[in-house]
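Hi,

Here is the structure I promised to pass on.

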Amino acid sequence: MENFIAYNPVTLHFGKNILSTLGTTLKEYGNRVLFVYGKGSVKKSGLYDRIIADLKSQGIEVCEYSGIKSNPVIEDVDAAAVVGRENNVDVILAVGGGSVIDSSKIISATIPVEHSGWNFFTGTKAFKAVPIVAVLTLAATGTEMNPFAVVSNHALGQKSAFGSPLTFPKHSFLDPALTLTVPRDYTAYGIADLIAHCFEAWFGIGDTTLADRFVISIVKEAMKYGPMLLVDLQNYEFREKIMFAATMALNGMTMYGRSTGDWGVHSAGHILSLLYDVPHGASLTIVYPAWMRHFKDRIADRIAQLGSELFDEPLTADQSIVRIETFFKSLGCPVRLADLNIAGDLRKPIFESMVHNKVNGGNVRMLEEDYSELIGLFL
Ligand code: NZQ
Ligand code: ZN
C-alpha cells in the first residue's frame, strides 16, 4: 500500500427535501450571495423559483451569473468573478451539474484576486476563496465532494484541471429528486463517468485491496442500477442509488492506499470535449475501450482482474475489454467518435491537441507514438 493523506471537509446533505435548510446554511456565511447556474434547466424545473423564494424569505441579497456552458469555459469564470467582486459577495451558491460547480470553484478563488482564473491552471496558488455551497442536479462528476475543477480555454487550446484545499464546497446538497429531469443521454453519461472514475483509481499506483473493493462495489452498484434507471428515468430509488454511487466514486475513498490514479483516459477524453464539445461521460466511453486495447500488454492482469470481479466469472483481458465495451454500448453510450457522427480528417487535430495538452496517465505513461495508435482505435 502507498502512504496517503485523507482530507475531505465537505458537509454532504443527501436525500428527499434536503434543500429545506439551504437558506439557513447560506446565512452562516453572510447575507450576499452569488447564484451561479447553467443554460436554463434550473428555470425549467422550477428549482430556480424555489431557491429564490427561500433566499428572499431569509432576507438574503442575491446577484446572479447564468449561462455556464457544459464543458465550461474560462470567459464565464472571469465574467462571473467580476459580478461577485463588484457585489462584494459573502458566498457562492452553485446550482447545477459538474460544469456549474467546477466553474464556481474557480470563480471562488478568482473573486479575491485581480488576475484571470486561468492563472490557477498554470501554477498560481489559491490563498483565499469565497465559500461555496453547491446544489447538485446531475449525478456524474463527484465534484460535489472533491476540490477539483475542469475548465476549457479555447484561446489557448487547453482543457485543464485545478484543485486546492480551498476549492472544496463547504456544503453540498444532493436531493435525488432534482435529477429526475436529467435526459436519458446525460443520465447514461453520468453513469459512465462514475464508472470511469473508479477505473482511473483501479489503474493507478498502489496495492490497496480495500480501496479495490470500494472500486468494485461502486461499479457493481452502477452496473446494476444504471440500466434499471435508464428504462425508468422517473424512478426516485434508482436516481438515489446512482447519485450516491457517483459521489463515492470521486471523493477520495477509492484512492486511499494509492499514490496516484491513472487519469490517462480522462486526459485524452478532455481533448475530444475541447475540440468537438463531446459530453464528458461520452468522451470516456469512447476512449476507455481503445486505451485498454492499446495498453493491454502492460496491464493485462489488472484488466483481467477488473473484468473477472465485475462480471463474476474468470475472464481474460481481451474478454474483459469486450464485456466492458458492450456494457457501455448497452447504456446507449458511444464507443467510437464516429458513433457521435463526428468524422472526417480528425487524426491530425486530435494528435496535435494531445501533444499540446501533454496528455498522459499517472501510471500508464504515454508517448507520442501511443497517441497515434490510440486515436486509430477510437475514431
Ligand atoms: O446548463 P443546464 O441548462 O443546467 O443543462 C445541463 C447541461 O446541458 C443539463 N442538466 C444539469 N442538470 C439537469 C440538467 N438537465 C435537466 N435536468 C437537470 N436536473 O445537463 C447538461 C450537462 O451538464 P454538465 O454540468 O455539463 O454535466 P456534468 O455534471 O457531467 O459535468 C461535466 C463537466 O465536469 C467535468 C467535465 O470535464 C465537464 O467539464 N468534470 C469534473 C470533475 C470534477 N470536478 O471532479 C471530474 C470529472 O471527471 C470531469 O472531468
Ligand atoms: Zn470524469
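Is the crossing of helix 6 and helix 8 left-handed or right-handed? It is left-handed. Bear in mind as you read on that this is a predicted model.

Some more on that pair: the axes of helix 6 (residues 184-202) and helix 8 (residues 236-249) cross at roughly 35° and come within 9 Å. On the helix 6 side, the contact is made by Thr187, Ile191, Leu194, His197 and Cys198. Helix 8 brings Arg239, Ile242, Ala245, Ala246 and Ala249 to it. Sorted by class, that contact has seven nonpolar residues, two polar ones and one charged one.

Next, helix 14, which covers residues 368-378. Its buried residues are Asp370, Tyr371, Leu374, Ile375 and Phe378. They sit on the same side of helix 14, because the arc they cover around the axis is only 135°. What do the buried residues of helix 14 pack against? Their partners are helix 9 (264-276), helix 10 (280-294) and helix 13 (347-356).

Threonine 25 counts as buried because its relative accessibility is 5%, and the cut-off for buried is under 20%. A polar atom of its side chain lies 2.6 Å from the backbone oxygen of threonine 21. If you set aside neighbours within four places in sequence, threonine 25 is in contact with His13, His171 and Phe173.

Cheers

Note on methods: Residues are numbered from 1 along each chain as its sequence is written. Chains are lettered from A and ligands numbered from 1 in the order in which they are written. This is a predicted model: local features need pLDDT of at least 70, side-chain atom pairs count only at pLDDT 80 or more; totals for chains, interfaces and linings use all residues. Side-chain values use heavy atoms; hydrogens and water are left out. Buried means under 20% relative accessible area, exposed over 50%, partly exposed in between (1.4 Å probe, protein chains only). Helices (H or I, at least four residues) and strands (E, at least two) are DSSP runs, numbered from the N terminus. The arc is that of the directions from the helix axis to the C-beta atoms. Contact means heavy atoms within 4.5 Å. A polar contact is a pair of N or O atoms within 3.5 Å; within protein, one must be able to donate a hydrogen and the other to accept it, and residues adjacent in sequence count only if both atoms are side-chain atoms. Axes are lines fitted to C-alpha atoms, for helices over the stretch in contact, and angles run from 0 to 180 degrees between N-to-C directions. A crossing is left-handed if the near helix is turned anticlockwise from the far one by less than a right angle, and right-handed if clockwise. Ala, Val, Leu, Ile, Met, Phe, Trp, Tyr, Cys and Pro count as nonpolar, Asp, Glu, Lys and Arg as charged, and the others, Gly among them, as polar.
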